[in-house]
Amino acid sequence: MNDLIVEAAAVITVDPEWKIHEPGYIAVKDGRISAIGPAAEGKDRPAVQRVQAPRAFLMPGLVNTHTHISMAAFRGACEDIPNRLTKVIFPLERDLVTRDLTYWSALYCLVEMARSGTTTFADMYYFEDEVAKATDKAGLRAILGETVLGHAAPDAPEAYGGIDYARRFIDEWKGHPRIAPCFAPHAPYTVDAHHLEKVAREAESFDVGIMMHVAEMDFEHEKFSKLDGTVLRYLDSIPDLLSPRLLAVHMLYLDEADIGLAARRGLRVAHCPASNAKSGRLICPASRLQAAGVPLGLATDGPLSGNGMDMQGVLNLYPKMQKVREGRRDIVTAREAVRTATLGGAEALGLGGEIGSLEIGKKADFILVDLDDFNIQPVYDWYSIIVYAMRPHNVVSTYVNGRPVVKDKRMTGFDQNEVFKRMNQIAGSCANYISQISL
Ligand SMILES: [Zn+2]
């Protein structure tokens, strides 16, 4: 007996054969996909619960490979300022980030992510145990990294205190069915070589991942290119750091040799086209990394740098930016873009065997998207619809482990209006500080 069967106008699988069942069904048992195929084949299968969605399509949940969801309280503050990281973000975090703000901002973004169809995300911030609590409550799947910095952080007054914090965080959350804790050294320019080596050793002994911003900033590129040629070649001089354990975020300042190096070391990459564009940075050679065999997923980045936490925004932008970068219309097809936002993201997070596509045995992480709306019709090509037409408001339901986290656009686990109210209170308490710092 299946726990659940969902029938939909189309089921887009993103499996190795690119199968689309139109109409189709998916069956779930114990949180995993137990059967999938044309709707007619699902009619006679027994199920405890049956959902009919004849005017919606079903696809794998979206995977957001890099966020800082607890920065929701700061969204829209201090835009368009050069050197915003050191001028605005670090002081703002030092003075305003508390456990309470971290938890409620995280929960706020989790509502936004879940309601727009994200089922899995990767996050790095301070008080990451609060992000874990919020994620647990919301029901999403996540890789969560505690930030390590070479100067005082909101949750660690001593430089590199984040390493001890991360150890405690990992001990507390390792083994959770949906949440995998890890280390998140901030960047090569805020964490020195000695401590990056230490983090690499710690990650190995805990058997967890590492996530880090890599080759994002112009000053970072200038600093390391003088001695080592590029940021990536500098990082390669640190024992054991460049390995399949590392999720490298951004990866903008790369030459051809770096792309080969990333592939040889087994790096995984989070590509943030919207936040990079807003900062006026380079365009990541994402399609070249993929062609070299590097697992690569898409990401919004945090709400301060990427603003919208829906994946539709970046999924729409990603192929366009790659076409501009390469000067070719035929590069990054809509179908390839859909794969990057789902299975590609899962592979980038080391979860490609469990999620990212709809195949028997995989975890039942999927979304239902409404077809009855002006922006989404007509449908000639499902992949084109998903990349260029789908908007966050089209997502109706979001399932993780076969359980509806969002049903009819509302969170099922808690009162989303309460979260909205708490965010307004928190934003009110930050407003004065933000208006002063903007001057
Ligand atoms: Zn980031």
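This is a predicted model: local features need pLDDT of at least 70, side-chain atom pairs count only at pLDDT 80 or more; totals for chains, interfaces and linings use all residues.
Student: Where is Asn83, and what is its phi?

Tutor: Asn83 sits in the loop between strand 6 (62-67) and helix 2 (84-96). Its phi is near 50 degrees, a positive value in a residue other than glycine.

Student: Which residue is partly exposed, with 14 other C-beta atoms within 10 Å?

Tutor: That is Trp18. Trp18 belongs to the loop between strand 1 (2-12) and strand 2, and although it is not a glycine, its phi is positive, about 55 degrees.

Student: Why does Gly24 count as buried?

Tutor: Gly24 counts as buried because it has 25 C-beta neighbours inside 10 Å. Gly24 is part of strand 3 (residues 24-29). Leaving out residues up to four places away in sequence, Gly24 touches Ala8, Ala10, Val11, Gly37, Pro38 and Ala39.

Student: What kind of peptide bond joins Glu22 and Pro23?

Tutor: To read a peptide bond, look at omega. Between Glu22 and Pro23 omega is about 0 degrees, and the bond is cis. Pro23 lies in the loop between strand 2 (20-21) and strand 3. The bond from Gln377 to Pro378 is also cis, with omega near -5 degrees. Pro378 is in the loop between strand 14 (366-370) and helix 14.

Student: Now the whole chain. How many helices and strands does it have?

Tutor: There are 15 helices and 17 strands. The C-alpha atoms fill a box of roughly 65 × 50 × 40 Å along the principal axes.

Student: What radius of gyration does the chain have, and what would a compact globule have?

Tutor: The idea is to compare the value with an expectation for the chain length. For 439 residues, a compact globule would be near 22 Å; the chain has 21 Å, so the two agree. Buried residues make up 53% of the 439 residues. Of the contacts between residues at least 6 apart in sequence, 71% join residues at least 24 apart.

Student: Which domains does the assignment give, and where are they?

Tutor: The domain assignment gives domain 1 (2-60 + 357-408) and domain 2 (62-348). Their C-alpha centres are 29 Å apart. In the contact between them, 21 residues of domain 1 meet 22 residues of domain 2. On the domain 1 side, helix 14 (382-389), strand 15 (395-400) and strand 16 (403-407) each supply at least two residues. Helix 14 gives the largest share, 5 residues. By class, that side of domain 1 has 14 nonpolar, 3 polar and 4 charged residues.

Student: How many residues are in the largest nonpolar core?

Tutor: First the general idea: in soluble globular proteins, nonpolar side chains tend to be buried together. Here the largest nonpolar core has 143 residues, and those with the most contacts inside it are Ile26, Leu58, Leu107 and Leu110. Helix 3 (residues 99-115) contributes the largest share, 11 residues. The core draws at least three residues from each of domain 1 and domain 2. Leaving out residues up to four places away in sequence, Leu110 touches Ile69, Ala134, Thr135, Ala138 and Leu140.

Student: How many residues of helix 4 are buried?

Tutor: In helix 4 (residues 128-138), 8 of the 11 residues are buried, so the helix is largely enclosed by the rest of the structure. Among the buried ones are Ala134, Thr135 and Ala138. Their cover includes helix 3, strand 7 (118-125) and strand 16. Just after the helix, Gly139 has a positive phi of about 95 degrees.

Student: Which way do the residues of strand 12 point?

Tutor: In strand 12 (residues 268-271), Arg268 and Ala270 point one way and Val269 and His271 the other, and all are buried. Strand 12 runs parallel to strand 11 (residues 246-250), joined by 3 bridges. Ala248 has Val269 as its bridge partner in strand 12.

Notes
Residues are numbered from 1 along each chain as its sequence is written. Domain bounds come from an automatic or database domain assignment. Two residues are in contact if their C-beta atoms, placed from the backbone, lie within 7 Å. Helices (H or I, at least four residues) and strands (E, at least two) are DSSP runs, numbered from the N terminus. Ala, Val, Leu, Ile, Met, Phe, Trp, Tyr, Cys and Pro count as nonpolar, Asp, Glu, Lys and Arg as charged, and the others, Gly among them, as polar. The radius of gyration is taken over C-alpha atoms; the globule rule is 2.2 Å times the number of residues to the power 0.38. A residue is buried if 20 or more other C-beta atoms lie within 10 Å of its own, exposed if 12 or fewer, and partly exposed in between; C-beta atoms are placed from the backbone. A nonpolar core is a set of buried Ala, Val, Leu, Ile, Met, Phe, Trp, Tyr and Cys residues joined through C-beta atoms within 7 Å. Two strands pair if DSSP finds at least two bridges between them.
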